[in-house]
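Trainee: I would like to learn how to read a protein model feature by feature. Where do we begin?

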Amino acid sequence: MLRPTLLPSRLLRQQPTLTPLLRQFLSTAPSQPQTPSPSPPQSLPRQSQKTYFPFALGRSRTNNYSVYQDAKRGGNFKLTIIKKIEGNRIAFKQELAKALNLSPNDIRVNSLTGHVEVRGHHRSEIVAFLEERGL
């Protein structure tokens, strides 16, 4: 009966080294360089220019927007909180108020945390606003 041999853990962590000839043999790339593809004709319409904003929005680990709903004061005061805003938060607040047809008093920038707080539950509208602008 064969017994499995025990290897020291340092040997298990080492990466195998390949010689240049073996690396070339094992590579999946073709040996002949490919000819460059011809450039597309210039008569095609150009794609629309991307609009740049003075703000950007980071995403969570799961690649979702950081837009959350919260309830305070016993559940009577509903909030939507937008996190991970980089750049000019005041300009973001103004764009958001214009897009959602809200008064500027319904949106506030928390100067301590940098979050933008919107009165009411508006998560779906805010996510649509962000996707529309490609943030």
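Mentor: Begin with Glu-117, which counts as buried at 12% relative accessibility. Buried means under 20% relative accessible area, exposed over 50%, and partly exposed in between, with a 1.4 Å probe and protein chains only. This is a predicted model, in which local features need pLDDT of at least 70 and side-chain atom pairs count only at pLDDT 80 or more, while totals for chains, interfaces and linings use all residues. Residues are numbered from 1 along each chain as its sequence is written, and side-chain values use heavy atoms, with hydrogens and water left out.

Trainee: Which side chain does Glu-117 meet in a salt bridge?

Mentor: A salt bridge is a side-chain nitrogen of Lys or Arg within 4 Å of a carboxyl oxygen of Asp or Glu. Here Glu-117 meets Arg-108, at 3.0 Å from N to O. Arg-108 is partly exposed, with a relative accessible area of 43%. The search of the whole structure finds 1 salt bridge.

Trainee: How should I read the strands, and how many are there?

Mentor: Helices (H or I, at least four residues) and strands (E, at least two) are DSSP runs, numbered from the N terminus. The protein has 6 strands, along with 4 helices. From the N terminus on, the order is α-α-β-β-β-β-α-β-β-α.

Trainee: In which sense do S5 and S6 run, and how many bridges join them?

Mentor: Two strands pair if DSSP finds at least two bridges between them. Strand S5 (residues 107-109) and S6 run antiparallel, joined by 3 bridges. Within this pairing, Ile-107 has Val-118 as its bridge partner in S6. The two strands form a hairpin with 6 residues between them, and Gly-114 in the turn has a positive phi of about 85 degrees. S6 (residues 116-119) also pairs with S3 (residues 77-82), in the antiparallel sense over 4 bridges. There, Leu-79 has Arg-119 as its bridge partner in S6.

Trainee: What does His-115 touch?

Mentor: Contact means heavy atoms within 4.5 Å. His-115 is in the loop between S5 and S6. Not counting residues up to four places away in sequence, His-115 touches Ile-81, Ile-82, Lys-83, Arg-108, Val-109 and Asn-110.

Trainee: Is Ser-66 buried or exposed?

Mentor: Ser-66 counts as buried, at 1% relative accessibility. Ser-66 lies in the loop between strand S1 (55-57) and strand S2 (67-72). Leaving aside neighbours within four places in sequence, the contacts of Ser-66 include Gly-58, Arg-59, Ile-81 and Lys-84. By contrast, Ser-124 is exposed, with a relative accessible area of 55%. Ser-124 is found in helix H4 (residues 123-133).

Trainee: Which charged residues sit over a ring?

Mentor: A charge sits over a ring if NZ of Lys or CZ of Arg is within 6 Å of the ring centre and within 35 degrees of the ring normal. Arg-59 lies over the face of Tyr-65, at 4.2 Å from the ring centre. The charged end of Arg-73 sits over the ring of Phe-77, at 4.3 Å from its centre.

Trainee: What share of the residues is buried?

Mentor: Buried residues make up 24% of the 135 residues in the protein. Among contacts with a separation of 6 or more, residues 24 or more positions apart account for 60%.
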